Amino acid sequence: MTSIGWLQIALLAATVGLLTRPLGGYLARVYAGEHTLLRPLIGSVEAALYRLAGVTPEAEQTWYQYTVSFLIFHALGIVSLYALLRLQSVLPLNPQDLTGVAPDLALNTAVSFVTNSSWQSYGGETTLSYASQMAGITVQSFLSAASGIAVAIALIRGFARRRSPTIGNFWVDLTRGTLYVLLPICVIAALLLVAQGVPQTLAPSAEVTTPEGGPQTIARGPVATQEAIKLLSGDGGGFFNTNSAHPFENPTPLTNLAELVLIFALGAALTNCFGRMVGSERQGWILLTVMAILFGCGVGGLYSSEAGSNPALATLNAGQTTSAQQPAGNMEGKEVRFGIAGSALFAEVSTASSDGAVNSMHDSFLPLSGGILLANMMVDEVIVGAPGSGLFGMLLFCIVAVFLAGLMVGRTPEYVGKKIGSPEIKMTILALICVPAATLGLSAVASAVEPGLAGLGNAGPHGYSEILYAYTSATATNGSAFAGLSANSPFYNLTLALAMFVGRFLVIVPVLAVAGSLAAQPVIPRSTGTLPTDGALYVCFLLGVIVIVGALTYLPALALGPIVESLQILGSLR
Amino acid sequence: MLDLAMLALVVVCFALAKAYAGLCDDLLARPAGEDIAP
């Protein structure tokens with residue numbers, strides 16, 4: 001490990017920390033419909049969109065109406081993206097004359113991007129036309145992020161409101177998130193990326209002659225605009241197959257840092273937005289503290305693991321110490337431009353945040369590092385998470401924490417002034433249980449049937465880790481992959497689509513139900529029986545709940561994969 | 001034909017999701033007096 005490596009991590013933490021409060025305040029004002037700097041510029045566009053869609057912005061929805069709007073919108077999104085992918089061969093902006101995407105892959109891709117997962121069973125530059133990338137993938141990246149933030153805002157309103165039958169208007173929240181939050185930030189980010197060398201062109205791939213005299217095709221396209229929202233949205237689906245390891249997606253150390261900031265910025269800011277909307281910014285900082293501790297443990301473990309040598313290679317006298325030719329540590333599968341620290345940091349941010357973008361190959365990480373990446377996704381993307389889903393995932397754990405605390409120490413289960421009763425607990429458990437049920441159930445099926453085993457790149461525990469990683473990534477709507485798994489088969493395309501569907505919709509429906517139930521309640525004044533949720537004790541308790549719930553649910557699966565693989569490597573050295 | 005099958009799958013999944021929302025709505029109906037406070 002190097003001081004430069006730690007400096008990169010510290011720089012990211014400091015930048016995100018500095019952005020949290022101003023961005024959180026801006027989000028709170030946007031979703032409250034208050035005046036912002038951009039309102040004079042965008043207000044007329046917003047009003048025109050409402051008129052066009054027949055939406056009355058003042059008309060609020062009950063949680064059930066909000067949910068039905070959410071489902072209808074996403075169903076239309078999947079159908080339209082599916083049609084676009086299937087018909088891309090006859091649509092314009094297809095300079096490489098790519099054929100239509102196969103039905104099972106088109107469905108997988110449509111579900112993937114509409115659910116903010118960005119699992120990609122294809123290589124972008126060889127499969128999708130510019131029309132599909134721009135009007136399909138990029139558009140859905142905006143909309144899936146805006147809808148995720150909308151759900152989080154609805155849940156915050158549930159905590160903040162008193163005796164309210166409504167939790168907002170889905171169409172208004174979706175529009176405001178897209179127009180006032182995502183679009184302006186993406187314009188700035190795309191310009192920065194272009195300035196750093198990321199292509200933004202509709203010209204076809206370049207045909208060049210290499211120095212050796214051979215022909216080479218260099219793929220390019222409208223990359224910068226897709227790259228910006230890919231990161232900001234927590235989506236992570238790359239224009240190129242190698243994602244942010246490709247020099248056209250991530251050309252410089254500055255873009256690497258900027259991409260990491262983009263991934264974390266909105267998720268972190270939403271904690272502050274939560275604090276402001278419930279009337280106590282401290283509550284937001286508490287949530288961010290818990291996220292930061294989990295992130296620090298993850299990145300510390302990952303960096304130290306990858307910076308150490310691979311014990312199996314050490315026995316072969318392979319050089320793994322710093323020299324003029326190479327850096328120290330496990331460099332397999334890593335971009336030399338970013339090295340160990342830049343790769344470990346990106347992998348941690350990507351799996352913690354539910355973004356799923358990669359600048360190194362996660363399949364080549366050491367077994368315990370792979371276990372850390374899996375664990376990040378297994379805790380329900382609460383470590384900052386994707387915009388919206390990270391916050392509502394964390395708030396679900398807060399509900400469980402105050403409930404368990406109530407049982408253990410005799411305090412009234414309440415959180416930020418709302419009593420946590422039977423309905424809220426039922427909905428929370430429904431939301432928390434469907435993800436591990438889908439992950440573990442589908443992993444078990446894929447490990448046992450021929451179509452599942454056919455896609456494996458490795459046998460033994462690493463092969464099992466590849467399967468477990470795929471379904472964990474899908475249900476966590478993360479989208480990153482252990483690239484050793486060949487997932488472009490009807491079996492994996494359909495089962496992973498199912499996993500992403502469960503991970504998105506079967507979680508969000510009960511989350512909105514909790515929002516509706518809480519909004520209908522009065523606010524309870526703080527009393528001596530109230531468990532304080534704004535202090536260090538609660539931070540420890542919440543951390544314990546997250547780790548124990550995650551660990552107990554997934555430990556047996558992790559033991560069969562990365563843990564046993566690590567023990568095998570150590571055992572082979574004896 | 002495969003396209004129709006895929007679209008049917010989408011329709012069925014969202015119909016089930018809507019039914020799931022209905023189930024949640026039923027579960028939310030808080031019976032009078034029920035309280036899980038210790």
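In this predicted model, A:Cys186 has a relative accessible area of 6%, and because that value lies under the 20% limit, the residue counts as buried. Over all chains, the number of disulfides found is 0. For A:Cys186, the nearest cysteine sulfur belongs to A:Cys273 and lies 18 Å away, so the pair does not come within the 2.5 Å that a disulfide requires. A:Cys297 is likewise in no disulfide, the nearest cysteine sulfur being that of A:Cys540, at 12 Å.

Is A:Ile137 buried or exposed? Its relative accessibility is 0%, and therefore A:Ile137 is counted as buried. Leaving aside residues up to four places away in sequence, A:Ile137 touches A:Leu81, A:Thr109, A:Phe113, A:Tyr122, A:Leu128, A:Ser132 and A:Gln226. The C-alpha atoms of A:Ile137 and A:Asp235 are 9.8 Å apart, although 98 residues separate the two along the chain.

We can now turn to the contact between the chains. Chain A contributes 38 residues to this contact, while chain B contributes 23 residues. About 2,700 Å² of area is buried between chain A and chain B, and 77% of it comes from carbon and sulfur atoms. On the side of chain A, the residues that lose the most area to chain B are A:Tyr64, A:Pro423 and A:Phe501, which together make up 18% of what that side buries.

Which side chains form a salt bridge? The partners are B:Asp3 and A:Arg86, with a distance of 2.7 Å from N to O, and the count of salt bridges between chain A and chain B is 1. Across the same interface of chain A and chain B there are also 3 residue pairs in polar contact, with both residues of each pair at pLDDT 80 or more.

Several helices of chain A each supply at least two residues to the side that touches chain B, namely α3 (63-87), α4 (103-114), α14 (389-409), α15 (422-448) and α18 (490-519). The largest share of that side, 11 residues, is provided by α3(A).

Note on methods. Residues are numbered from 1 along each chain as its sequence is written. Chains are lettered from A and ligands numbered from 1 in the order in which they are written. This is a predicted model: local features need pLDDT of at least 70, side-chain atom pairs count only at pLDDT 80 or more; totals for chains, interfaces and linings use all residues. Side-chain values use heavy atoms; hydrogens and water are left out. Contact means heavy atoms within 4.5 Å. Buried area is the accessible area (1.4 Å probe) that two parts lose on being put together, summed over both. A salt bridge is a side-chain nitrogen of Lys or Arg within 4 Å of a carboxyl oxygen of Asp or Glu. A polar contact is a pair of N or O atoms within 3.5 Å; within protein, one must be able to donate a hydrogen and the other to accept it, and residues adjacent in sequence count only if both atoms are side-chain atoms. Helices (H or I, at least four residues) and strands (E, at least two) are DSSP runs, numbered from the N terminus. Buried means under 20% relative accessible area, exposed over 50%, partly exposed in between (1.4 Å probe, protein chains only).
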